[in-house]
Amino acid sequence: MGIIRRRFIEGTVAGILSAPLLTLGGCDEKSGTANTTLALQSAWVNDAEFIGYFIALSKGWYEQSGVSLNYMSGGPDKVADEVLAARACDVALTTPDGTVNAILKQGAPFKIIATQYQKSPLGIVTLEENNIKKPSDLVGKRLAVPPANTLTTRAFLNLNKVSPDSVTFVPYAYDPRILTAGHADATVDFVTNVPYTIRLLGKIPSSFLFHDFGFRLYMDTVVVREETLRTKRQALIAFLRASRRGWEENFRDPTAYPPQFANSWFKGTGREIDNEKYFNEQQKPLMETSNGLFSMTEEGIHQNIASLRSIGLEATRDMFVTDLLAEL
């Protein structure tokens, strides 16, 4: 999984042509009344990052909650914020930097109503033999950085009192073989997934999160248009409740469900089911919280605002809405 989807939205959202809303009809089995349709735009292609939604769908928990959910897979050609702005979905899984950028630069009427990840999985990935355990260990090293993450990486280094000029940035195209071939000492990538590939290449991986060294952002934030928040509030609560149930079921045993979706949600991705199991296990501590899955605390929100401001995005508290979470 690449992190090109973590980029800022540079295009003009207002210029996107409106697209028809994709729907999936349904009726509540108990009442016989039509369920409220919600279209969910995923942040990336189908992998373990979204398995909680697949579980809730497979068990009929959305339908039982009064929601007909149309799950829309993502990919490198889809930016979830843009799909949401084009009114082609009701709910989007995004990154807070992309969403806040859209609000500030294009006037997008968005609200962040929940977050899937309490800690972004973005971090430094390296080989154990390179002995890079903290930001200061990057001084004098070659750091492979995707173009989309250059600004964030520089802010992360500055936050940790490491001059970006003391680190050699090299281009990175989401291929960890740059490490095993000795062309870089570390990469900026997802710690949930890339270490698995490094092990397949015969090396021992090592990694740490940006979050654990002060650069704190949510990821896969749940974003809606203000109009949807007004007109489909109860359906959004039902969606969050059923989704939380799916993720809670998943984390009872992170190895249990990936094999069950080998011939459905994960079919044709080119990834091994063992990779999905690894991903699922690694993401569990990044998502779970004593406040409940999807929650956003005041402390967490203000940490996000501070990190966003460090990369030039003047986020404000009113961009985050927490009252739906109180009803879960």
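User: Which residues form one aromatic cluster?
Analyst: This is a predicted model, in which local features need pLDDT of at least 70, side-chain atom pairs count only at pLDDT 80 or more, and totals for chains, interfaces and linings use all residues. Side-chain values use heavy atoms, leaving out hydrogens and water, and residues are numbered from 1 along each chain as its sequence is written. Rings of Phe, Tyr and Trp (its six-membered ring) pair if their centres lie within 6.5 Å; planes under 30 degrees apart count as stacked, over 60 as edge-to-face and the rest as tilted. One cluster is made up of Tyr 53, Tyr 62, Phe 239, Trp 247, Phe 251 and Phe 294.

User: How many residues apart are Tyr 62 and Phe 239?
Analyst: Helices (H or I, at least four residues) and strands (E, at least two) are DSSP runs, numbered from the N terminus. Tyr 62 sits in helix H2 (residues 61-64) and Phe 239 in helix H9.

User: Does Phe 239 count as buried or exposed?
Analyst: Buried means under 20% relative accessible area, exposed over 50%, and partly exposed in between (1.4 Å probe, protein chains only). The relative accessibility of Phe 239 is 0%. Phe 239 therefore counts as buried.

User: At what angle do helix H1 and H9 pack?
Analyst: Axes are lines fitted to C-alpha atoms, for helices over the stretch in contact, and angles run from 0 to 180 degrees between N-to-C directions. Angles under 35 degrees count as roughly parallel, over 145 as roughly antiparallel, 65 to 115 as roughly perpendicular and the rest as oblique. H1 and H9 are therefore roughly perpendicular to each other. Their axes lie 7 Å apart, and the angle is about 105°.

User: Which residues in H1 meet H9?
Analyst: Contact means heavy atoms within 4.5 Å. On the H9 side, the residues include Phe 239 and Trp 247. On the H1 side they are Ile 51, Gly 52, Tyr 53, Ile 55 and Ala 56.

User: Which strands of the sheet does helix H9 touch?
Analyst: Two strands pair if DSSP finds at least two bridges between them. The sheet is open, with mixed pairing and the order E2-E1-E3-E10-E4. H9 (residues 233-251) packs on it, its direction making about 60° with that of E1. The strands touched are E1, E2, E3, E4 and E10.

User: Which residue in E10 is the bridge partner of Ala 92?
Analyst: Strand E3 (residues 91-94) and strand E10 (residues 219-225) run antiparallel, joined by four bridges. In E10, the partner of Ala 92 is Val 223.

User: What is the phi of Asp 220?
Analyst: Asp 220 lies in strand E10. Asp 220 is buried, at a relative accessible area of 0%. Its phi is positive in a residue other than glycine, near 55°.

User: Where does Tyr 174 lie?
Analyst: Tyr 174 has a positive phi of about 65° although it is not a glycine. Its relative accessibility is 27%, so Tyr 174 counts as partly exposed. Its place is the loop between strand E7 (168-171) and helix H6 (177-180).
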